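Visitor: I have a new model on the screen and would like to learn how to read it. Where do we start?

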Amino acid sequence: MTKAFLAILVTAILTENFLLSKFLGICPFLGVSKKLNTATGMSMAVIFVMLLATAVTYPINKFILVANDMAYLQTIVFIFVIAALVQLVEIVLKKYIPALYSALGIYLPLITTNCAVLGVVILNVDNGYNFAQSMVNTLGAGLGFLVAMVMFAGVRERLESCDVPKFMQGLPITLVAASLTSISFLGFTGIVEGIFG
Amino acid sequence: MNPIILAVIVVSVIGVIAAIMLAVASIVMAVPVDEKAEKIREELPGANCGACGFSGCDGYAAALSKGETTCTTLCSPGGSEVSKKIAAIAGLEAGTVAPQAAVVLCQGNAHNAGTKLVYSGVKSCKMATQLFGGPKDCVYGCVGFGDCIDACPYDAIHICDGVARINPLACRACKACIKTCPKGLIELMPLHQAKAAVLCVNHDKGALTRKECKAGCIGCMKCVKACEYDAVKVENFCAKVDYDKCIGCGKCHEVCPVKAIDVIELGKIALKSINRI
């Protein structure tokens with residue numbers, strides 16, 4: 001049992017990394033990875049929202065959509081629910097945990113409609129996971145997001161002090177660096193079968 | 001039931017529930033917003049440069065609104081105009097902000113200053129300074145890799161001939177470059193008054209300075225003797241002008257053998273001649 005959960009977790013973090021293997025959530029990956037602390041802040045917000053979104057959309061999917069044979073409404077209902085949820089969380093945080101609000105503040109609205117959040121929710125459904133499995137997979141996806149962001153922030157901080165040719169400065173060199181980081185994650189292929197299989 | 005109607009109902013119900021939830025939450029958990037601070041914040045330039053000494057414009061607005069500070073003249077990018085506006089909102093006294101601009105105190109361009117090494121490391125003044133005090137002979141002068149350019153929120157700084165130059169008309173006196181410069185070469189000067197300025201901070205003895213840079217202050221004391229207003233002082237072989245006492249008569253410039261001292265009125269410098277100062 002634990003082994004199965006661990007396998008899901010490691011798969012989500014390493015082999016099926018959301019940013020570097022599935023290419024979901026590329027916008028924050030390129031946008032807020034300039035500095036380590038913003039990258040961490042963004043990732044924390046993503047983990048938080050992903051977990052929350054999974055916890056809320058799983059029962060909605062199971063008891064309302066699937067029960068009424070309306071699974072085709074998943075995308076629209078999920079976007080809807082996640083957006084409302086993030087707004088609510090923002091209000092609650094502002095009132096009760098202002099410190100966390102100012103730490104996540106700018107990132108929360110940014111990830112409201114991020115495809116990584118919607119992606120993890122829909123993939124949970126597609127993979128036929130139960131509630132516990134969904135939560136573990138979501139946690140893994142979030143942690144994988146954090147790992148990729150922190151790694152890439154490190155790469156970009158090194159890039160800052162490099163003498164990059166003028167035509168490659170800015171986005172071009174960032175994309176090259178992103179593709180190389182992505183290739184490095186190919187090395188994890190088969191690692192889960194090796195450990196847990 | 002018709003599945004289309006059912007779908008419409010389900011989505012609408014979820015929408016209505018979400019809407020009610022949000023509406024209730026926003027009323028129940030409303031956080032009182034400081035309206036005064038919001039209004040002050042709107043009047044501030046919004047560059048978050050930190051010239052006021054607070055953590056950006058929001059910080060200054062909050063401090064003014066809460067009465068932590070009563071000084072309305074701290075925003076140098078905004079100047080007297082912003083001071084007047086925020087004073088009206090906060091119910092405080094307005095003041096005049098004497099417009100200032102930053103100046104790089106170095107003339108050690110490729111023509112004047114020699115180099116002692118070929119530097120091919122990271123293009124950063126901070127890094128280059130750690131290696132024998134930078135590539136130029138003079139360890140006091142501008143390194144010219146433009147750390148200040150990155151720091152400037154107003155895009156007012158450019159490198160001309162190996163030395164950083166600040167466009168006084170674009171400069172808003174936020175001091176970001178002053179904090180960044182590893183050599184401490186940049187300082188603020190009055191914008192609309194002609195003042196003498198020593199464009200050098202070399203503290204080596206005169207003979208050594210001569211070898212290092214053609215435009216370096218050699219500490220010969222001629223300007224001190226020429227000044228009728230006691231505005232120039234020489235300390236550690238380098239002259240310094242007291243801008244409060246200086247009237248910009250230009251006598252020091254006339255006697256200076258290396259022309260390290262010059263009379264500048266920043267506000268009148270045409271963009272083309274920024275290269276020269």
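Guide: Start with strand pairing. Two strands pair if DSSP finds at least two bridges between them. One such bridge here links C160(B) with V163(B), its partner in β3(B). Keep in mind that this is a predicted model.

Visitor: Which strands does that bridge belong to, and in which sense do they pair?

Guide: Strand β2 (residues 157-160) of chain B pairs with strand β3 (residues 163-166) of chain B. The sense is antiparallel, over four bridges. The two strands form a hairpin, with two residues between them. Look at D161(B) in the turn: its phi is positive, about 60°.

Visitor: What joins β6 to β7 in chain B?

Guide: Four bridges do, and the strands run antiparallel. Strand β6 covers residues 232-235 and strand β7 covers residues 238-241. Find V234(B): its bridge partner in β7(B) is A239(B). β6(B) and β7(B) form a hairpin with two residues between them. In that turn, N236(B) has a positive phi of about 55°.

Visitor: And the side chains along a strand?

Guide: In a regular strand, side chains alternate between the two faces of the sheet.

Visitor: Let us step back. How many helices and strands does chain B have?

Guide: Chain B has 10 helices and eight strands. Chain A has 10 helices and zero strands. Read chain A from the N terminus and the elements run α-α-α-α-α-α-α-α-α-α.

Visitor: What share of the contacts comes from residues 24 or more positions apart?

Guide: Count the contacts with a separation of 6 or more. In chain A, residues 24 or more positions apart account for 79% of them. In chain B, the figure is 59%.

Visitor: Now helices. What describes a packed pair?

Guide: Two packed helices are described by the angle between their axes and the distance between the axes. Take helix α3 (residues 36-66) of chain A and helix α4 (residues 74-96) of chain A. They pack at an angle of about 135°, with their axes 10 Å apart. Because of that angle, α3(A) is oblique to α4(A). The crossing of α3(A) past α4(A) is right-handed.

Visitor: Which residues of α3(A) and α4(A) make the contact?

Guide: From α3(A), they include V49(A), L52(A), A53(A), V56(A) and I60(A). From α4(A), they include V77(A), F78(A), V81(A), I82(A) and L85(A). By class, this contact has 13 nonpolar, three polar and no charged residues.

Visitor: What is the crossing angle of α2 and α3 in chain B?

Guide: Helix α2 (residues 35-43) and helix α3 (residues 56-66) of chain B cross at roughly 135°. Their axes come within 8 Å. So α2(B) is oblique to α3(B). The crossing is right-handed. K36(B), A37(B), I40(B) and R41(B) of α2(B) take part. On the α3(B) side, C57(B), D58(B) and A61(B) are among the residues in contact. The classes here are six nonpolar, one polar and three charged.

Visitor: How many residues of chain B are in contact with chain A?

Guide: 16 residues of chain B are in contact with 17 residues of chain A. The chain B side has 12 nonpolar, three polar and one charged residues.

Visitor: At what angle do α4(A) and α1 of chain B cross?

Guide: The axes of α4(A) and helix α1 (residues 3-28) of chain B cross at roughly 10° and come within 10 Å. Angles under 35 degrees count as roughly parallel. Therefore α4(A) is roughly parallel to α1(B). F80(A), A84(A) and L88(A) are among the residues of α4(A) in this contact. From α1(B), look for I14(B), A18(B) and L22(B), among others. The contact divides into 13 nonpolar, three polar and no charged residues.

Visitor: One last case. Is C138(B) buried or exposed?

Guide: C138(B) is found in the loop between α5 (125-129) and α6 (147-151) of chain B. A residue is buried if 20 or more other C-beta atoms lie within 10 Å of its own. C138(B) has 27 C-beta neighbours inside 10 Å, so C138(B) counts as buried.

Visitor: Which residues is C138(B) in contact with, leaving aside neighbours within four places in sequence?

Guide: They are G108(B), A113(B), N202(B), E212(B), C213(B) and G216(B).

Terms used: Residues numbered from 1 in each chain as written. Chains lettered and ligands numbered in written order. Predicted model: local features only at pLDDT ≥ 70, side-chain atom pairs only at ≥ 80, totals over all residues. Contact = placed C-beta atoms within 7 Å. Nonpolar A, V, L, I, M, F, W, Y, C, P; charged D, E, K, R; others polar. Axes fitted to C-alpha atoms, helices over the stretch in contact; angles between N-to-C directions. Parallel < 35°, antiparallel > 145°, perpendicular 65-115°, else oblique. Left-handed = near helix turned anticlockwise from the far one by under 90°. Buried ≥ 20, exposed ≤ 12 C-beta atoms within 10 Å, placed from the backbone.
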